[in-house]
Amino acid sequence: MTKRRPIIGGNWKMQTDVESGMLLAGDITDSIEACENCDVVVYPPFIYLQAIDSVLGQSALVLGAQDIWHESNGAFTGEISAEMLQDIGVQSVLVGHSERRHILGETYEIIGKKVHASLAGGFQTVLCVGETLEQREAGNTLRIVLAQLKSGLEGVSVEQMQMVVIAYEPVWAIGTGKTASPEDAQSVHKEIRECVRGLYDEIVADTLRIQYGGSVKPDNAAELFTCPDIDGALVGGASLSADSFNAIVTAACSS
Ligand code: PGA
């Protein structure tokens with residue numbers, strides 16, 4: 001089986017301030033030096049991206065953005081384009097996070113456009129998918145997750161798939177302290193990979209990295225990372241402390 005390099009993302013959401021963000025990034029930078037086996041990305045709020053970039057130096061820590069707008073410029077009040085993100089050294093972009101789908105009302109159509117804008121901008125593009133509790137309880141987990149996946153990847157080429165990462169984040173597990181069991185997470189990850197195998201080919205499916213997200217913490221990370229189709233994590237709450245985030249990175253590095 002293809003050995004995939006784990007990827008850990010820290011999604012800071014609308015948290016930190018300029019000083020605490022710079023300190024946090026500095027602490028992560030120091031500790032990931034020892035970790036050569038995994039990719040580590042932080043997604044600070046847009047407004048702090050440049051400040052955070054200034055502490056990364058030559059570090060392997062990658063700078064990411066929590067969102068992108070799909071037009072390149074113009075009258076789009078409050079939005080940030082691919083060119084602007086390129087300008088300040090961003091390399092990875094989250095698209096379709098559940099808070100954007102469910103709180104900000106982003107549609108499948110908008111998310112699809114953002115995936116294309118992000119890929120055209122040359123960014124590693126992390127497409128987030130996941131079902132709500134209601135959808136899970138109605139037995140619709142796979143229907144929803146695979147619909148989000150197929151819609152988000154519509155028109156994405158085999159070559160572009162090299163820049164795509166999928167984050168499976170069950171909405172009911174985000175910020176709630178509830179984590180999907182490793183078995184439940186693994187079964188959805190496997191279905192995502194099989195769906196990609198059908199849409200593309202063996203190589204794309206076997207090299208695609210699929211992160212799990214939803215209350216990942218130091219004490220549940222190692223077990224999740226033993227699952228064959230879980231290739232890392234997208235971490236919210238636990239990414240706001242260097243100690244807990246670094247412990248998750250270490251667990252991924254030794255998985
Ligand atoms: P959480 O958030 O780790 O706080 O559950 C994960 C996410 O939303 O990416």
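Tutor: A polar contact is a pair of N or O atoms within 3.5 Å; within protein, one must be able to donate a hydrogen and the other to accept it, and residues adjacent in sequence count only if both atoms are side-chain atoms. This is a predicted model, in which local features need pLDDT of at least 70, side-chain atom pairs count only at pLDDT 80 or more, and totals for chains, interfaces and linings use all residues. Residues are numbered from 1 along each chain as its sequence is written, and side-chain values use heavy atoms, with hydrogens and water left out.

Student: Which atom of Gly-237 lies 2.8 Å from an oxygen atom of the ligand?

Tutor: For Gly-237, a backbone N or O atom lies at that distance. A polar backbone atom of Gly-236 is likewise 2.8 Å from a ligand oxygen, and a polar side-chain atom of Lys-13 lies 2.7 Å from an oxygen atom of the ligand.

Student: How many residues surround the ligand?

Tutor: A residue is near a molecule if one of its heavy atoms lies within 4 Å of it. Here 13 residues surround the ligand, and the closest are Lys-13, His-97, Glu-169, Gly-175 and Ser-215.

Student: In what order do the eight strands close into a barrel?

Tutor: Strands of a sheet pair through backbone hydrogen bonds, either parallel or antiparallel. Strands are DSSP runs (E, at least two residues), numbered from the N terminus, and two of them pair if DSSP finds at least two bridges between them. In this model the order is 1-2-3-4-5-6-7-8, with parallel pairing. Strand 7 (residues 209-213) and strand 8 (residues 232-235), for instance, pair over two bridges, and Gly-213 stands opposite Leu-234 in strand 8.

Terms used. Helices (H or I, at least four residues) and strands (E, at least two) are DSSP runs, numbered from the N terminus.
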